[in-house]
Amino acid sequence: MLFNIGDLVTRTSHNNDTIFKIIDIKNNIAILKGVNIRLIADSDINDLNPVKKDEADITKDDRTLINNMEEFINLNRDEYFYLPGKILHIDADKDYLERCMNFYKEMNVLSYGVVEKESDVSSKVINYLEKISPDILVITGHDAFYNKTDDYNDNSNYKNSTNFINAVKAARGYEKDHGKLIIIAGACQSNYEELIKAGSNFASSPKRINIHALDPAIIATSVSLSSKSKDIDLLKILEKTKYGTDGVGGIITSGTMYIGYPR
């Protein structure tokens, strides 16, 4: 079957479990990007199956995740006013960043988005922090666990975990207090433990699974819209992500939103 760049497909060898978009084709090998999953993969053309556009409706998928944020959407706006935490989102993938920015807009939180390659973030993150002064920093893009030696602790087994770790260390060197700068880092199958050790408040992926394109934004928004006067409900926030605590974990911290009265 003839495939073209932009086509939606699944892989027979992986039980057609994930929908991808073809972003390049070289010598009968297709380069694939997950429609909803933060994953870049490659596949022989002969392993691909076509998918109808309506089967990959990202609007429906995103709306479901937004509806899960109902408690944050339905704040008491009759008498109180709210000042949510400011978010700086650095993403290596322009398409995923755009979806996350739309999510922030839908949730009425102030956010700034920047596209940077995973390898470039560590050298540039301090400049962005100085310029924007966010309460919450998201560092994400693409990652993968290669499973070469079955050693989850060896960063050489990961596509971009070392880049994420270096970026987190740079940001944490700028602001050491986990309460003054909330850091959310990682992508699909990232080295969760090392990201937490590096200084992340939240990171992926405890079970080395793929995460949803919006998972980092869901965590950032939940913290942004949680009261600064009390600790977040950690498990409740993690369960708002697509794959729960298998995909993202973190530490208990305070929210970043000021609540005022009267409106």
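Q: How many residues of the lining of the largest cavity are nonpolar, how many polar and how many charged?
A: The model is a predicted one. Rolling a probe the size of a water molecule over the atoms shows where empty space is left. In this structure the lining of the largest cavity has 7 nonpolar residues, 2 polar and 1 charged.

Q: How many cavities of 30 Å³ or more does the structure hold, and how much space lies in the largest cavity?
A: The structure holds 1 such cavity. The space in the largest cavity is about 40 Å³.

Q: Where is Pro-262 found, and what is omega for the bond that joins Tyr-261 and Pro-262?
A: Pro-262 belongs to the segment after β13 (258-260). The bond between Tyr-261 and Pro-262 is cis, with omega about -5°.

Q: What is the order of the strands in the open sheet, and which are the edge strands?
A: In a regular strand the side chains alternate between the two faces of the sheet. The open sheet here has 6 strands in the order β8-β7-β9-β10-β11-β12, and the pairing is mixed. Its edges are β8 and β12 (249-250), each of which pairs on one side only.

Q: How much space lies in the largest pocket, and which residues lie nearest its centre?
A: About 520 Å³ of space lies in the largest pocket. Its lining has 21 residues, and those nearest the centre are Ile-58, Thr-59, Asp-62, Asp-95 and Arg-99.

Q: Which element gives the largest share of the lining of the largest pocket, and how do the lining residues divide into classes?
A: Helix α3 gives the largest share, 7 residues. The elements that each supply at least two lining residues are β3, α1 (58-67) and α3. By class the lining has 8 nonpolar, 4 polar and 9 charged residues.

Q: How much space lies in the second largest pocket, and which residues are closest to its centre?
A: The second largest pocket has about 320 Å³ of space. It is lined by 18 residues, with Phe-72, Leu-225, Ser-226, Ser-227 and Lys-230 closest to the centre. Two or more lining residues come from α2 (70-73) and from α8 (234-238). The classes in this lining are 8 nonpolar, 4 polar and 6 charged.

Q: Arg-99 lies near the centre of the largest pocket. With which side chain does the side chain of Arg-99 make a polar contact?
A: The contact is with the side chain of Asn-36, at 2.8 Å. Asn-36 is located in the loop between β3 and β4 (40-44).

Q: Does Asn-36 count as buried or exposed?
A: The cut-off for buried is under 20% relative accessible area. Asn-36 has 19% relative accessibility, so it counts as buried.

Q: What is phi of Asn-16, and what is phi of Asn-28?
A: Both values are positive in residues other than glycine: phi is near 55° for Asn-16 and near 70° for Asn-28. Asn-16 is in the loop between β1 (8-11) and β2 (20-26). Asn-28 is in the loop between β2 and β3 (29-34).

Q: What is the relative accessible area of Asn-16, and what is the relative accessibility of Asn-28?
A: Asn-16 has a relative accessible area of 36% and is partly exposed. Asn-28, at 44%, also counts as partly exposed.

Definitions and conventions. Residues are numbered from 1 along each chain as its sequence is written. This is a predicted model: local features need pLDDT of at least 70, side-chain atom pairs count only at pLDDT 80 or more; totals for chains, interfaces and linings use all residues. Side-chain values use heavy atoms; hydrogens and water are left out. On a 1 Å grid over the protein atoms alone, a cavity is a set of points where a 1.4 Å probe fits but cannot get out, and a pocket is an open set with protein on both sides within 12 Å along at least five of seven lines; lining residues have an atom within 4 Å of a point. Grid points are joined across faces, edges and corners, and a volume is the space filled by probe spheres set on the points. Ala, Val, Leu, Ile, Met, Phe, Trp, Tyr, Cys and Pro count as nonpolar, Asp, Glu, Lys and Arg as charged, and the others, Gly among them, as polar. Helices (H or I, at least four residues) and strands (E, at least two) are DSSP runs, numbered from the N terminus. Buried means under 20% relative accessible area, exposed over 50%, partly exposed in between (1.4 Å probe, protein chains only). A polar contact is a pair of N or O atoms within 3.5 Å; within protein, one must be able to donate a hydrogen and the other to accept it, and residues adjacent in sequence count only if both atoms are side-chain atoms. Two strands pair if DSSP finds at least two bridges between them.
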